Amino acid sequence: MEKQGYREMLKFLNDKGCPMLSTRVEAAKLLGMGQQNLRKEIAKGKLKIQDNKIPIGSLASYLCG
């Protein structure tokens, strides 16, 4: 099930120039958190990894709560 505001967040990230697949460094910067916190969120399953990068859809979903 799609989270409320997901499509709008996806458009916002896309308009902001977010790549389709972000490195962990890029994702941490976009989310305003340190890399250690990003690793914790990945370990909890709150952010998904694809080809060792984080898809824009995962970032949008995470930001929607």
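Author: This is a predicted model. Begin with helix α3, where L38, E41 and I42 are buried.

Reader: How do the buried residues of α3 lie when seen down the axis?

Author: Seen that way, the buried residues of α3 fall within an arc of 100°, so they line one face of the helix.

Reader: Which exposed residues does the face turned away from the buried side of α3 carry?

Author: That face carries Q36 and A43, both exposed. On the buried side, the residues of α3 pack against α2, β2 and α4. After α3 comes G45, with a positive phi near 85°.

Reader: Is E41 buried or exposed?

Author: E41, also placed in α3, is buried, with a relative accessible area of 10%. Residues up to four places away in sequence aside, E41 touches M33, K46, L47 and Y62.

Reader: What is the accessibility of Y62, and what does it touch?

Author: Y62 sits in helix α4. It is partly exposed, with a relative accessible area of 22%. Leaving out residues up to four places away in sequence, Y62 touches L31, M33, E41, K46 and L47. Y62 and Y6 are 56 residues apart in sequence, while the C-alpha to C-alpha separation in space is 9.2 Å.

Reader: Which residues of α2 are buried?

Author: In α2, which spans residues 24-31, the buried residues are A27, A28 and L31. They cover an arc of only 100° around the axis, which puts them on the same side of α2. The cover over these buried residues includes β1 (21-22), α3 (35-43), β2 (54-55) and α4 (56-63). G32 follows α2 and has a positive phi, near 70°.

Reader: At what angle do α2 and α3 pack?

Author: The angle is about 100°, and the axes are 9 Å apart. That makes α2 roughly perpendicular to α3. From α2, the contact is made by R24, V25, A27, A28 and L31; from α3, by Q35, L38 and I42. These contact residues divide into 6 nonpolar, 1 polar and 1 charged.

Reader: What should I expect of nonpolar side chains in general?

Author: In soluble globular proteins, nonpolar side chains tend to be buried together. Here, the largest nonpolar core has 14 residues, and those with the most contacts inside it are L13, L31, L38, L47, I54 and L59. Helices α1 (6-15), α2, α3 and α4 each supply at least two residues of this core.

Reader: What does L59 touch?

Author: Not counting residues up to four places away in sequence, L59 touches L13, C18, S22, A27, L30, L31, L47 and I54.

Reader: How can I tie this back to the helix pair?

Author: Return to L31 and L38. Both take part in the contact of α2 with α3, and both are among the core residues with the most contacts.

Note on methods. Residues are numbered from 1 along each chain as its sequence is written. This is a predicted model: local features need pLDDT of at least 70, side-chain atom pairs count only at pLDDT 80 or more; totals for chains, interfaces and linings use all residues. Side-chain values use heavy atoms; hydrogens and water are left out. Buried means under 20% relative accessible area, exposed over 50%, partly exposed in between (1.4 Å probe, protein chains only). Helices (H or I, at least four residues) and strands (E, at least two) are DSSP runs, numbered from the N terminus. The arc is that of the directions from the helix axis to the C-beta atoms. Contact means heavy atoms within 4.5 Å. Axes are lines fitted to C-alpha atoms, for helices over the stretch in contact, and angles run from 0 to 180 degrees between N-to-C directions. Angles under 35 degrees count as roughly parallel, over 145 as roughly antiparallel, 65 to 115 as roughly perpendicular and the rest as oblique. Ala, Val, Leu, Ile, Met, Phe, Trp, Tyr, Cys and Pro count as nonpolar, Asp, Glu, Lys and Arg as charged, and the others, Gly among them, as polar. A nonpolar core is a set of buried Ala, Val, Leu, Ile, Met, Phe, Trp, Tyr and Cys residues joined through side-chain atoms within 4.5 Å.
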